[in-house]
Amino acid sequence: MNKKVVVISSSLRLGSNSEVLAQAFVQGAQAAGNIVEEISLKEKDLRFCTGCLACQSTARCWMQDDSAAINAKLKEAEVVVFATPVYFYAMSGQLKTLLDRTNPLFTQSCAFRDVYLLMSAAEEDPQLLQPVIHELEGWISCFEQAQLAGVVAGGGLSEPSAVSPDTKAYQEAYQMGLHC
Ligand SMILES: Cc1cc2nc3c(=O)[nH]c(=O)nc-3n(C[C@H](O)[C@H](O)[C@H](O)COP(=O)(O)O)c2cc1C
């Protein structure tokens, strides 16, 4: 209750299923009285990390794009939620690009503890989505205080707008938000 929650959705397509899962989480988290901000990577200017590692001494990136503003919100959030379409059994390139650009946070004290992952995929079998969870766990392991608090594996969602409030994944995301 009254936690700062940041929800980042990374799909760029119209009628995004993972974005609807993100919105379900947002509604649940708001219903529980939390302060929630939703960020979509649509139309964000986000460049690839060049790997210079300057941010490890300066705690900032020399590239002037939208990552600094997103990092500032991530740093203050107590709960962080990432929503992604599954692409080739991995997270979206957009989300991976963002995670790489969070490296300026690596040397800083961040508030986030609970991290949630919301996925949409064509596959029905949640076991096949394990690689995406492992990917995010790699990022989480770099932030001592953080833990993976929950995962929604929305399978069988191929076409746009396949998720509705009747969908199991939607209900799971809403409940996760409610109890985050
Ligand atoms: C480039 C690409 C690769 C994909 N790879 C997979 C995959 O490996 N496994 C899977 O289950 N679905 C895969 N899909 C299907 C999407 O994960 C699915 O349509 C999902 O609902 C898209 O989420 P979105 O609506 O939030 O963009 C792929 C789709 C695209 C465009």
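This is a predicted model: local features need pLDDT of at least 70, side-chain atom pairs count only at pLDDT 80 or more; totals for chains, interfaces and linings use all residues.

Which backbone has a polar atom 2.8 Å from an oxygen atom of the ligand? I looked it up, and E123 supplies that polar backbone atom, at 2.8 Å from a ligand oxygen. I count a polar contact when N or O atoms pair within 3.5 Å; within protein, one must be able to donate a hydrogen and the other to accept it, and residues adjacent in sequence count only if both atoms are side-chain atoms. Taken alone, the ligand exposes 640 Å², and the protein buries 78% of that. Those areas come from the Shrake-Rupley method with a 1.4 Å probe; for residues, only the protein chains shown count as cover.

Residues are numbered from 1 along each chain as its sequence is written, and side-chain values use heavy atoms, with hydrogens and water left out.

**Ligand, continued.** I found a polar backbone atom of A122 at 3.0 Å from a ligand oxygen. On the nitrogen side, a polar backbone atom of F88 is 2.8 Å from a ligand nitrogen. Around the ligand I listed 16 residues, of which S11, S16, S18, V86 and L157 come nearest; a residue is on this list if one of its heavy atoms lies within 4 Å of the ligand.

**The loop between β5 and α6.** L157 turned up again when I checked T167, which is in contact with L157 and A162, leaving aside neighbours within four places in sequence. Contact here means heavy atoms within 4.5 Å. T167 sits in the loop between β5 (147-154) and α6 (168-178); helices (H or I, at least four residues) and strands (E, at least two) are DSSP runs, numbered from the N terminus. Is T167 buried or exposed? T167 counts as buried because its relative accessible area is 18%, with buried meaning under 20%, exposed over 50% and partly exposed in between (1.4 Å probe, protein chains only).

I then moved to E159, placed in the loop between β5 and α6. E159 is exposed, at 56% relative accessible area, and touches R13 and N17, not counting residues up to four places away in sequence. I also took its C-alpha distance to C52, 107 residues apart along the chain, and got 39 Å.

**The loop between β2 and α2.** E43 lies in the loop between β2 and α2 (55-58), and has a positive phi of about 65° although it is not a glycine. With 81% relative accessibility, E43 counts as exposed. L53 also has a positive phi of about 65° without being a glycine.

**Strands.** Last entry: β1 (residues 4-9) and β2 (residues 35-40) run parallel, joined by six bridges. S9 has S40 in β2 as its bridge partner.

Key. Two strands pair if DSSP finds at least two bridges between them.
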